[in-house]
Structure formats: structure tokens, C-alpha cells
Amino acid sequence: MNHAFKATAHENKIRRWQTFTPPQRTAYAAHCGLVLHWRAYLVRNNNMADQRFNPFGKVFDAAIDRSRKFAKDTAFAHWPFIAKILNNLAHLYSKTQGNLKGECAYDEALSIYRKLAEANPDVHQPNMVNALNSLACVYFDTQRFTEAERAFDEALCINRKLAKTNPDVYLPDVANTLDNLAHLYSETKRIAESEKTYNEALTIRRELAKANPDECLPALSETLCSLAENCLLAQRTAEAETYASEAESIIRPLWQTKKMALGDKMAAILATRAQIARISERPVHEHCALARQALDAARDPHLKRQIQ
């Protein structure tokens, strides 16, 4: 299904929702997961997200309240559904109404998943990990690094246990959380810890890429680029260039056939190489050329501004 078809499908669902009476709207949002449809619509129309969210947000809040009351009489049966809506609602709040409201929804979802995981860890621990990672990212974005580290550490601990019994499914999650934790260490000037953690993630990603290169090589290139940036912070430009060059050699052939999907990854690597060239005092035309290539490859406006 292409993106245009998906977008039309989401718009049709929302138009259908708009024809319902208020009680029907609440029921549809609560029991059919319209939050998921609206999230895709929001991402597609991100520039209008702030103006359009309010009427839907009120209905989703009412849907959550109604579902909570209903779930109290049905033990655990409906709590997974409520946690899922809260998790997606938190994502919407973070996009449209700031981190505080998103944090509250993530926190409530996490509390539900903790209780569910006590009763059935095999089913609900992966969802608990997702909620922990999301909450950690909110903490990170609001400069609460100690809380973020604690949440990432807990997610990593659970992921390691899950990966022991099902490595094909959960090793990528281990590597993702390691990358997040390493980035946090880097931001808090703990360069040695950051490098050690990135290297563990790199080892995992190399093994994953051997088994499934199409899916895992882009993530491998990202970890290599992060290690290059880490080496720059430690003023080890030769090592930084080695990591960044390998990252580019991996992503460039993939980017040639998927320029929209991989443009930002390519741009980030080229921008890192441009920074290395500038710090190494190589000819001006060399790092300027790399920066121009990065700008051409980038798709995200925020990334383009950073490169400029």
C-alpha cells in the first residue's frame, strides 16, 4: 500500500468519525483504536497538527476515561487496549502539546504494563520496554538525564533477558537501547562510557547485518556515525574518519536506490565527515563539498538547518 493510498484511507476514517454523534465518537475512539489512524494523519499533516488536535484530543481523553471505568469491572481484559491507546496518545501529545502531557500518558501506560507483565511477562514485557524507552526519550528531551538513564537501564535489562531466549527478535532492541544510552553518556560528557556502549551496540549490529543486511545495514551505519562523533569529542580525528568513512560506504549504495527513505541518514554521515575535514584543517573546498552533499541529501528541515 503506497503512502497516498494510506493517507486517503486515514482521511476517510476521520471523515466517517466526524459524522457520528458525540457518544458514538467516544465509543469509536475507545473501542476501535482511532488514535492509531489519527497519528498517521498527524504525521502526514504535521504543519497543521496544533490546530487540528484539540477537538480530537478531547474525544480521546473522554474515550480513555470511559474505557478506564469499563475496565475496572473486567479485571485485566481491557487494560492492554487502554495502555496501547495511552501510549499512542502520549506520542500525539508530545507532537502537539509538549512533553509534559505526553509524559503523563506514557507514565500511565507504563504503570499498566508493569502490572500486566507481573501476570504475563512473555506477552507484556516487550510493551513495557517500549513504554520505558519512550518515557526515557521524554526525560532526555527535557534534560532530566538521571531519570532518562534509569529508564534506559531498566529497558536494557529486560531486553537482554528477552534476547537470551529469542535473539532474532530482541537483539535489535538491545542495540537500539544501547545506542540511546551511549548518546546519553555522550551528552553528559562521559565519553569513555559512551564509547564502550556504542562498541557493544556496534558488535551486535555487525552480527545482525551478516544475517539480514537489507534490514540491518542502515542501523549499522548510524552506530558507526555515532562512534565517529564520539571520537571527535575525544579529539581522535583519525578514528572518527575511519568510522565515518565506513558508515558512508555502507549507506551510499542503499541510499542510491532509496533517496527519500535514507536521505537523512546519508546527510548525517556526510555532515559528520565535513566536520571531521574542517577540524582536521583539510582544504576548505573539501569540507564545503561534503556539507553541500549533506544538504542535498537531507530531507528533514531541522537537519537541513543544522547543516547550514
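**K189.** I started with K189 and found it exposed, at a relative accessible area of 66%. This is a predicted model, by the way. K189 sits in the loop between α9 and α10. I looked up its phi too: about 65°, a positive value, although K189 is not a glycine.

**The helices on either side.** Next I checked how α9 (residues 167-187) and α10 (residues 191-211) pack. Their axes are 8 Å apart and meet at an angle of about 160°. Anything over 145 counts as roughly antiparallel, so α9 is roughly antiparallel to α10. I noted a left-handed crossing where α9 passes α10.

**α11.** I wanted to know how the span of α11 compares with what 1.5 Å a residue predicts. Helix α11 covers residues 213-233, which is 21 residues, and should span 30 Å; I got 30 Å between its end C-alpha atoms, so the two agree.

**Q235.** After α11 comes Q235, in the loop between α11 and α12 (237-257). Is Q235 buried or exposed? I have it down as exposed, at 73% relative accessibility.

**Rings.** How many aromatic pairs does the structure hold? I found 1. F140 and F145 make up that pair, edge-to-face, with 5.4 Å centre to centre and 65° between the planes. F140 has 16% relative accessibility, and since buried means under 20%, I wrote F140 down as buried.

**W255.** Last, I looked at the face of W255: K259 lies over it, at 4.6 Å from the ring centre.

Key: Residues numbered from 1 in each chain as written. Predicted model: local features only at pLDDT ≥ 70, side-chain atom pairs only at ≥ 80, totals over all residues. Heavy atoms only, no water. Phe/Tyr/Trp six-rings, centres within 6.5 Å; stacked < 30°, edge-to-face > 60°. Buried < 20%, exposed > 50% of the residue type's maximum accessible area, 1.4 Å probe, protein only. Lys NZ or Arg CZ within 6 Å of the ring centre and 35° of its normal. Helix = DSSP H or I, 4+ residues; strand = E, 2+ residues; numbered from the N terminus. Expected span 1.5 Å × (residues − 1). Axes fitted to C-alpha atoms, helices over the stretch in contact; angles between N-to-C directions. Parallel < 35°, antiparallel > 145°, perpendicular 65-115°, else oblique. Left-handed = near helix turned anticlockwise from the far one by under 90°.
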